[in-house]
Structures are given as C-alpha cells and as structure tokens.
Amino acid sequence: MEEYKKRVFSGIQPTGGFTLGNYLGALRQWDTLQNEYDCIYSVVDLHSLTVRQDPATLRRQIRESAAMLLACGVDPDRSILFIQGDVHQHAELSWLLSCYTQFGELSRMTQFKDKSSKHPENVNGGLFTYPVLMAADILLYQTNLVPIGADQKQHLELARNIAIRFNGIYGDVFTVPEGFFPKVAARVMSLQDPTSKMSKSDENQNAKVMLTDDGDAIIRKFRRAVTDSGNEVRAAEDKPGVTNLMSIYSGVTGRSFDEIEREFDGKGYGEFKSAVGEAVRDALAPIQERYKENLADKDMLNDVLKTGAERASILAARTLRKVRRKIGLD
Ligand code: TRP
C-alpha cells in the first residue's frame with residue numbers, strides 16, 4: 001500500500017524581513033514538519049500588495065525570503081517551495097471563491113478591522129478580500145493541516161467555512177483543512193514592550209531581532225531588553241519581560257524554565273540578558289551563513305523556485321479543473 005502522508009500548507013509574506021519571532025514561532029516548525037508531512041510552503045507575494053510596495057525592494061525581498069526559508073531548513077527535495085505569484089491558479093481560485101464568500105463574513109475579520117483603522121488612507125479591496133486569497137492558497141492543494149499563529153485562526157476558520165459551503169453545493173471538491181498549532185511554538189514578544197508581540201514592522205529596532213541582524217546587534221538588543229522589577233530570573237505573570245527572555249532562551253537552547261531558573265539562581269538580569277543574546281547569536285549564526293550562500297547562488301535559487309512553481313501548479317491545476325467543471329465554466 002502506498003504510504004499516505006497528510007499535506008501541510010503554509011505561507012509567509014516576503015516584505016520586511018523575518019524576525020526571531022517568525023523563526024521560533026513558525027519557521028523552525030516548517031523544518032520539522034517535513035519529517036512527517038507532505039509540505040508545501042509559499043512566499044505569499046500577492047498578499048503583500050495590500051500595502052503599497054516599492055517594486056525593486058519587493059523583487060529583492062521575495063528572493064531574500066526564499067533564501068532565508070531554505071536557510072531555516074525548508075528542503076526542496078522533500079517539500080515544495082514556491083512563490084505564490086508564480087502560480088496563477090491562486091488568483092483565479094481566489095476570484096471564484098470570493099463569489100462564495102459573504103460581505104458580512106469578510107467585514108467581521110478582526111485583522112481587516114485592525115488594519116483598516118490603522119491605515120485609513122489605503123483601505124483597498126485586496127485588504128478586504130485578503131482572507132479569500134488565503135483560503136485559495138490552502139484549498140488549492142487539498143491541504144489537511146495549516147500551521148499558523150493565533151492571529152490567523154479566524155482566517156483559517158473562514159477557509160474551512162468556504163470549503164464546507166462549496167462542498168455542500170457541489171459535492172466533495174475541497175479537503176476541509178485543520179489548524180495546526182505546534183505544542184512548543186514560542187510566542188516571542190517585543191524586547192521593548194513585552195506585552196505586545198514582536199513585530200517586523202515595529203519602528204523601534206531595539207524591539208525586534210531580525211534573522212539577518214549581526215551578532216553584535218543581537219547582543220546589544222538583548223542587553224537593552226526591558227526587564228521587570230526585582231532581580232530574580234523567574235517566569236511569572238507579573239514579569240513579562242523576564243518571561244519572554246526565558247522563553248526565547250528556552251527556544252534556542254532547548255532548556256526548560258526550571259533548568260533556566262536554576263542556571264541563573266543568584267545571578268542578576270544583566271548576566272541573564274547577555275547569556276540570552278549569546279545563545280540567540282550562536283543559534284542564528286549557521287542560518288545566516290547558509291542564507292548568504294543561498295542568496296549568492298542565483299542559479300540554485302532560480303532553479304529551486306522554478307521547480308517549486310512547476311510542481312505546485314500541477315497540483316493547483318488539478319483542483320482548479322475540478323472547481324471549474326463543478327461550477328459550469330468547463
Ligand atoms: N496570512 C498569513 C499571515 O499573515 C500568511 C498566509 C497567506 C498564509 N496564505 C496562507 C498562512 C496560507 C497559511 C496558509 O501569517
């Protein structure tokens with residue numbers, strides 16, 4: 001009997017670089033998921049267009065993102081890695097699915113509400129239909145599992161509802177996907193305001209660690225990280241700064257909170273912050289090394305992305321053919 005592996009799909013936007021939060025919260029799992037699942041990973045460039053992008057910068061960031069995903073362990077021999085915009089079926093299915101999605105449903109998306117109130121000068125149609133494109137990404141590949149952060153849960157729920165609705169009208173066309181929230185996924189908070197998530201768009205450089213930051217910058221940012229009152233290295237609700245640093249330290253060293261508390265027993269915040277910075281620097285060094293090599297190897301990168309798009313579009317075309325036939329377009 002042929003072995004049946006569940007299919008995983010996930011996507012990440014190429015703009016603004018990737019943070020330590022992206023790595024510990026998502027990209028690290030993208031690597032380990034490949035051991036068990038049939039994985040498809042995409043640089044979702046079309047999603048980035050809801051915000052105006054400079055063309056040259058966008059073009060560069062798309063390649064940098066692919067190079068970084070490979071450096072983080074995405075393996076094109078085992079998985080499909082591709083650029084969303086290279087596979088035209090995404091935009092096509094997105095239009096079709098938008099006709100099966102209600103205005104009211106999209107109006108209730110909290111991300112739409114947040115983003116449109118934060119950027120009232122550019123509330124474009126793409127921002128509104130963003131979750132439909134995301135549903136198309138997922139449903140095109142008959143995806144079983146979608147690793148996502150909590151902030152994308154509502155979008156996944158919508159994708160499920162669209163799939164269920166479509167299947168209800170036309171019969172089984174789409175696999176109904178499930179969210180996948182890895183057990184160990186760390187939620188990395190801002191180093192300057194540990195009550196909010198580390199964000200790539202934070203204007204304060206000291207609040208975030210980018211995967212491309214050099215070693216000295218990493219150490220410096222952790223030395224400046226906000227801590228809490230007291231001086232004990234201990235995880236607690238009233239110590240969000242220290243707890244965040246502990247969870248980062250745990251994420252990169254694999255040590256438990258108990259072990260970390262013992263390791264820094266009787267030592268102050270200063271020593272702890274230096275240790276976290278060094279551990280992060282050391283964990284990122286080999287990734288940064290591979291990233292530079294990948295970016296420099298243009299032929300390799302072109303080849304990986306071309307093959308990825310070809311393999312993705314074979315699968316996507318199969319689903320789209322079925323959808324077109326069911327609707328009556330073919
Ligand atoms: N919206 C997702 C995010 O911002 C990115 C994304 C686009 C995605 N398409 C997807 C994630 C499909 C998972 C599956 O994080």
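Student: Is Glu263 buried, partly exposed or exposed?

Tutor: Start with the relative accessible area. Glu263 has a relative accessible area of 28%, so Glu263 is partly exposed. Keep in mind that this is a predicted model.

Student: Which residue forms a salt bridge with Glu263?

Tutor: A salt bridge needs a side-chain nitrogen of Lys or Arg within 4 Å of a carboxyl oxygen of Asp or Glu. Here the partner is Arg255. The closest N and O atoms of Arg255 and Glu263 are 2.8 Å apart. Arg255 is partly exposed too, because its relative accessibility is 31%.

Student: How many salt bridges does a search of the whole structure find?

Tutor: It finds 14. Let us look at some of them.

Student: What is the distance between the closest N and O atoms of Arg160 and Glu157?

Tutor: It is 3.9 Å, and the pair forms a salt bridge. Now place the pair on the fold. Both residues lie in helix α8, which covers residues 153-170. They are 3 residues apart, or about one turn of the helix.

Student: Are Arg160 and Glu157 buried or partly exposed?

Tutor: Read each value against the cut-offs. Arg160 has a relative accessible area of 21%, so Arg160 is partly exposed. Glu157 is at 40% relative accessibility and counts as partly exposed.

Student: Where do Glu310 and Lys306 lie?

Tutor: Both are in helix α13. They sit 4 residues apart, so about one helical turn separates them. Glu310 and Lys306 form a salt bridge, with their closest N and O atoms 3.5 Å apart. Check the accessibility next. Glu310 counts as partly exposed at 42%. Lys306 is exposed, because its relative accessible area is 55% and exposed means over 50%.

Student: Which residues are linked in a network of salt bridges?

Tutor: Glu92, Arg324 and Asp330 are linked in this way.

Student: Which residues form the patch of negative charge?

Tutor: Glu289, Glu293, Asp297, Asp299 and Asp303 gather there, on the surface. Two elements give two or more residues to the negative patch: α12, residues 269-296, and α13. Asp297 is found in the loop between α12 and α13. With a relative accessible area of 37%, Asp297 is partly exposed.

Student: Let us step back. How many helices and strands are there in the protein?

Tutor: There are 13 helices and 5 strands.

Student: What box do the C-alpha atoms fill?

Tutor: Taken along the principal axes, the box is roughly 70 × 45 × 45 Å.

Student: What share of the residues counts as buried?

Tutor: Buried means under 20% relative accessible area. Of the 330 residues, 48% fall in that class.

Methods: Residues numbered from 1 in each chain as written. Predicted model: local features only at pLDDT ≥ 70, side-chain atom pairs only at ≥ 80, totals over all residues. Heavy atoms only, no water. Buried < 20%, exposed > 50% of the residue type's maximum accessible area, 1.4 Å probe, protein only. Patch = residues over 30% accessible without salt bridge, like charges linked within 9 Å, V, L, I, M, F, W, Y side chains within 5 Å. Areas by Shrake-Rupley, 256 points an atom, 1.4 Å probe, with all protein chains shown as cover. Lys, Arg positive; Asp, Glu negative; His and termini not counted. Charge placed at Lys NZ, Arg CZ, Asp CG, Glu CD.
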